Amino acid sequence: MCARFNASQADNYKPAGTGSFFSLANDKDFETVRFMYNNMDDVEAYSVHEVEVNGQTQWVNCLREYDQPVDNCPLCAAGNKLQVKMWVPLYIVKTGEIKIWERGRTFISQLDTASRRFNPLVSGVFDIERQGKKGDQNTTYSLINIDKDDTQLADLPELPEVMGSIVKEFTFEELQNYLQTGTLPGGNDNKPQTRNPATDRRPSTSNEQVTRREVRTRSTGATQPRTDVF
Ligand SMILES: [Zn+2]
């Protein structure tokens, strides 16, 4: 299964309160942003599976750690490809919005390079520039530092949660059931026709504790070709 999770599909899964997804559509498009991290310790990568429920794709948290056997996760055991993803929170300087940028594991080295020059990383202002025409599977993104100031994370809006909103967590039994029936608990929540962007946004979710499972990804040297697609 290789369903593509494009920007318009992504909007269907836009979790309330986390802002919208970031994308640059065309070659040389750019946006001025801050990465909402202090340093690489804040960067979270997730081991996830992409599943389809009611014709819609959804990210599901993998149940096993990288050193555990595949049988610990029904989706791994069934051969569903394990993917490492990051949902990078960006502060859009022009509008003051927070947007979420979905990235693969190769982006970790780009963030690392940037974070070694700015402490905290959020104090750096970057242009993200797209290098690649629409639909080009070899598209890359340049990070060009254009400014630095004293901005702290505390000066910016609250960080959005990924786990529980963009990435859903299910139990072993629920995933086993999905493999047999194609359904997941709460799967109907994602039907686009039930969404109303004007009213779906929650103001703040500070009283909602969502457990994040941090997955430390070991560096692979980033020698593999970039395959992110937009
Ligand atoms: Zn898995």
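V48 stands opposite Q83 in β5. The two strands concerned, β3 (46-53) and β5 (residues 83-92), run antiparallel and are joined by three bridges; strands count as paired if DSSP finds at least two bridges between them. This is a predicted model, in which local features need pLDDT of at least 70 and side-chain atom pairs count only at pLDDT 80 or more, while totals for chains, interfaces and linings use all residues. Residues are numbered from 1 along each chain as its sequence is written.

Let's stay with β3 for a moment. Over six bridges, β3 also pairs with strand β4 (residues 56-61), again in the antiparallel sense. Here E50 stands opposite W59 in β4. The hairpin of β3 and β4 has two residues between the strands, and N54 is placed in that loop.

## The overall build

Stepping back, the protein has five helices and nine strands. Helices (H or I, at least four residues) and strands (E, at least two) are DSSP runs, numbered from the N terminus. Read from that end, the elements follow the order α-β-β-β-β-α-β-β-α-β-β-β-α-α.

Of the 230 residues in the protein, 24% are buried. A residue is buried if 20 or more other C-beta atoms lie within 10 Å of its own, exposed if 12 or fewer, and partly exposed in between, with C-beta atoms placed from the backbone. Among contacts with a separation of 6 or more, 70% come from residues 24 or more positions apart; a contact here is a pair of residues whose C-beta atoms, placed from the backbone, lie within 7 Å.

The largest nonpolar core holds 37 residues, and F35 and L90 touch the most other members. Strand β5 gives the most to this core, with five residues. Such a core is a set of buried Ala, Val, Leu, Ile, Met, Phe, Trp, Tyr and Cys residues joined through C-beta atoms within 7 Å. Setting aside neighbours within four places in sequence, F35 is in contact with V88, L90, L111, A114, L121 and V122.

L111 also takes us to helix α3 (residues 107-115), where F107, L111 and S115 are buried. These residues lie on the same side of α3, because they cover an arc of only 75° around the axis; the arc is that of the directions from the helix axis to the C-beta atoms. The buried residues of α3 pack against β2, β5 and β6 (98-104).

## Loops worth a look

E44 is found in the loop between β2 (30-35) and β3. With 18 other C-beta atoms within 10 Å, E44 is partly exposed. Its C-alpha atom is separated by 8.4 Å from that of V88, although E44 and V88 are 44 residues apart along the chain.

Now for some backbone details. Most residues other than glycine have a negative phi, and most peptide bonds are trans. K28, in the loop between β1 (20-21) and β2, has a positive phi near 70°. K28 is exposed, with 11 other C-beta atoms within 10 Å. N54 is not a glycine either, yet has a positive phi of about 55°. N54 counts as exposed, with 12 C-beta neighbours inside 10 Å.

A cis peptide bond runs from N119 to P120, with omega near 0°. P120 sits in the loop between α3 and β7 (124-131).

Notes. Contact = placed C-beta atoms within 7 Å.
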